[in-house]
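Subject: The structure I promised you

Hi,

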Amino acid sequence: MLTTLDFLAVIFASAAVIDVWHKGSIFETARVYAQALQDVTPPETLKGRLLELLNCPYCKSYHVPVYLCLGLVLTQWINVYAADIVRAVVYGLAATRIGNLINDLLPNRLRYLPDPYEG
């Protein structure tokens with residue numbers, strides 16, 4: 001069963017997943033490739049719709065939380081250790097997102113990556 005803390009973690013973890021896909025340099029090559037592939041794929045095909053889902057942050061904001069919740073729930077039924085591993089990943093992603101939010105609220109001099117345009 002999902003707890004309230006699990007639910008809150010899924011909210012923040014979902015934002016972290018979407019953020020790292022759309023802004024992270026680690027996925028830049030895959031992101032550019034997916035966008036280029038979407039540009040030449042007819043949108044009415046299954047492949048076109050899946051590529052649109054992959055490239056649209058708004059669309060992912062509905063699907064990523066569902067997948068994370070399913071991961072938490074299904075692994076609890078399968079194996080307690082698997083559930084702990086999935087929970088650790090979700091909580092780690094949530095902690096990352098919360099840390100980023102707190103960093104953005106801090107004055108520029110206290111941020112770990114100061115905004116070069118902020119005076």
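Predicted model: local features only at pLDDT ≥ 70, side-chain atom pairs only at ≥ 80, totals over all residues.

Residues are numbered from 1 along each chain as its sequence is written, and side-chain values use heavy atoms, with hydrogens and water left out.

**The overall picture**

The chain has 5 helices and 0 strands. (Helices, H or I with at least four residues, and strands, E with at least two, are DSSP runs numbered from the N terminus.) With a radius of gyration of 17 Å, well over the 14 Å that the globule rule gives for 119 residues, the chain is more spread out than a compact globule. That radius is taken over C-alpha atoms, and the rule is 2.2 Å times the number of residues to the power 0.38. Buried residues make up 24% of the chain; buried means under 20% relative accessible area, exposed over 50% and partly exposed in between, with a 1.4 Å probe and protein chains only.

T75 sits in helix α4 and counts as buried because its relative accessibility is 13%. Leaving aside neighbours within four places in sequence, T75 is in contact (heavy atoms within 4.5 Å) with L70, V80, A82, A83 and V86.

The largest nonpolar core has 9 residues: A9, V10, A13, I18, V64, L68, L72, V90 and A94. Such a core is a set of buried Ala, Val, Leu, Ile, Met, Phe, Trp, Tyr and Cys residues joined through side-chain atoms within 4.5 Å. Helices α1 (4-23), α4 (57-78) and α5 (80-105) each supply at least two of its residues, and α1 gives the most, with 4. Take A13: apart from neighbours within four places in sequence, A13 touches L68, V90, L93 and A94.

**Helix α5**

N79 caps the N-terminal end of α5, with a side-chain oxygen 2.8 Å from the backbone nitrogen of Y81. The buried residues of α5 are A83, V90, A94, R97 and N103, and what covers them includes α1 and α4.

**Salt bridges**

How many salt bridges does the structure hold? There are 3, each a side-chain nitrogen of Lys or Arg within 4 Å of a carboxyl oxygen of Asp or Glu.

- D6 pairs with R87, the closest N and O atoms being 3.0 Å apart. The two are 81 residues apart, D6 in α1 and R87 in α5. D6 is buried, at a relative accessible area of 1%.
- D19 meets K23 at 3.4 Å, N to O. They are 4 residues apart in α1, so about one helical turn separates them. K23 is exposed, at 66%.
- D19 also bridges to R97, with closest N and O atoms 3.5 Å apart. D19 is in α1 and R97 in α5, so this pair ties together parts 78 residues apart in sequence.

Cheers

Conventions:
Polar contact = N/O pair within 3.5 Å; in protein donor to acceptor, adjacent residues only side chain to side chain.
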